[in-house]
Amino acid sequence: MFEDQDSDCASDAEVRSAISSLGNERVRLVAWARVLLFTYRDFCEYREAQDLYMEAVLRTLQRDRRWKPQNCTFVEHLMGAMRSIANHLPEKYGKDARNIPIRATDLVYSSGEDDEQRVNPLENVAGTAPTPEEELVAKQATERIEFLFEDDAEASLVLMLFGEGKKEPEIAFELGLTRSQVHAAIERVRYKLSKAAH
Amino acid sequence: MSDQSNDAAKRLGFMLDALQESLLETSLEDLVKELRAAGVDPLKTMSLMEFAGEKAIAEHYQRLRERLTAERTESVKRIGRAADRLPQSRDERIDLLQAICKKNSLQLTAQFRDLKDIEKLSDDELSNMLQQLAVLGLLSPDSGNGG
């Protein structure tokens, strides 16, 4: 029935057990969902934290998002699944690039005079490079986040440096802050995103 | 495409990584306070989350039941369609079943391997067995495991 060839993947029973055992950790998932809902607001089809969570759980049970317990906790897995689901354009818009909202369609087609010659970038994803529409989503999301912290210079700088791939100790050193201050700044970012989710 | 075109997705990815890590390090107590300050009722939200989890499980098993029912229905139809391929007379059917059992004894379950009184099978039983063997691709006495 479930011919799962991935022996590291959690079984149905393990997933169900993990769901039942979440308990108060659901609070963490709510907080994460709110960050994602704000970030991907214009492109995410889900509007409530519990809907995004439900989809992540369903896809885990269906093995569409596989949980490997030796790699991460169930909470970490669900956070990753929720992030992927919130961000996944092709699942929302299908394979036809003309379904993508108008602002993204400016970037969709490559050269070609008519429909037959046009290239649909959704069908030409090479490796892990983001597609033009993913870039547009990311650009809008990043700008929306950064705009929230225009009046908080410290949080703004911390966010910018995290965005460059730097880690907490590096950021603390570069900005002349303590690690606690950097930590507090990112918490302010997270709090403000969550508050702005609705 | 220039490097700048990949910047936005990377930057956002790093930001979300940092936010996720921060969230994992924060105590549940502090998270509850944050949610309350954001106007979220934690108790109500937790109930909604619990319900959503149960709904996901129910949805998963509903889809599974539907899929298995559809597969079962299709399987029954395939077995039914195989009736057209059976010989007309009872004697021919008995001969056929005997030949298949002899030729494919290693592939058949005990139900078929130990079948001694084929002559005593009712018409329906005989038909049913041959139809199932047809679906398995063993209807012709010449088919087998190539041995």
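A residue is called buried under 20% relative accessible area, exposed over 50%, and partly exposed in between, with a 1.4 Å probe and protein chains only. This is a predicted model, in which local features need pLDDT of at least 70 and side-chain atom pairs count only at pLDDT 80 or more, while totals for chains, interfaces and linings use all residues. Residues are numbered from 1 along each chain as its sequence is written, chains are lettered from A in the order in which they are written, and side-chain values use heavy atoms, with hydrogens and water left out.

Chain A has 10 helices and zero strands, where helices are DSSP runs of H or I with at least four residues and strands are runs of E with at least two, numbered from the N terminus. Of the 198 residues in chain A, 46% are buried.

Next comes the interface. In contact terms (heavy atoms within 4.5 Å), 47 residues of chain B meet 55 residues of chain A. The buried area, meaning the accessible area (1.4 Å probe) that two parts lose on being put together, summed over both, is about 4,800 Å², and carbon and sulfur atoms give 71% of that. On the chain B side, Met15(B), Leu19(B) and Met49(B) lose the most area to chain A, together 14% of what that side buries.

Charged pairs also cross this interface. Counting a side-chain nitrogen of Lys or Arg within 4 Å of a carboxyl oxygen of Asp or Glu as a salt bridge, the rule finds three between chain B and chain A. One of them joins Glu146(A) to Arg11(B), with the closest N and O atoms 2.8 Å apart. Another pairs Arg83(A) with Asp17(B), also with the closest N and O atoms 2.8 Å apart. This pair runs from helix α4 (residues 74-87) of chain A to helix α1 of chain B. Arg83(A) counts as buried at 17% relative accessibility, whereas Asp17(B) is partly exposed at 36%.

Over all chains the structure holds 18 salt bridges. Within chain A, Lys192(A) pairs with Asp151(A) at 3.6 Å between the closest N and O atoms. Lys192(A) lies in helix α10 (residues 179-196) and Asp151(A) in the loop between α7 (132-148) and α8 (153-163), 41 residues apart. Lys192(A) is partly exposed at 29%, and Asp151(A) is exposed at 64%.

In chain B, Glu71(B) and Arg67(B) form a salt bridge at 3.4 Å, N to O. Both lie in helix α3 of chain B, four residues apart, about one turn of the helix.
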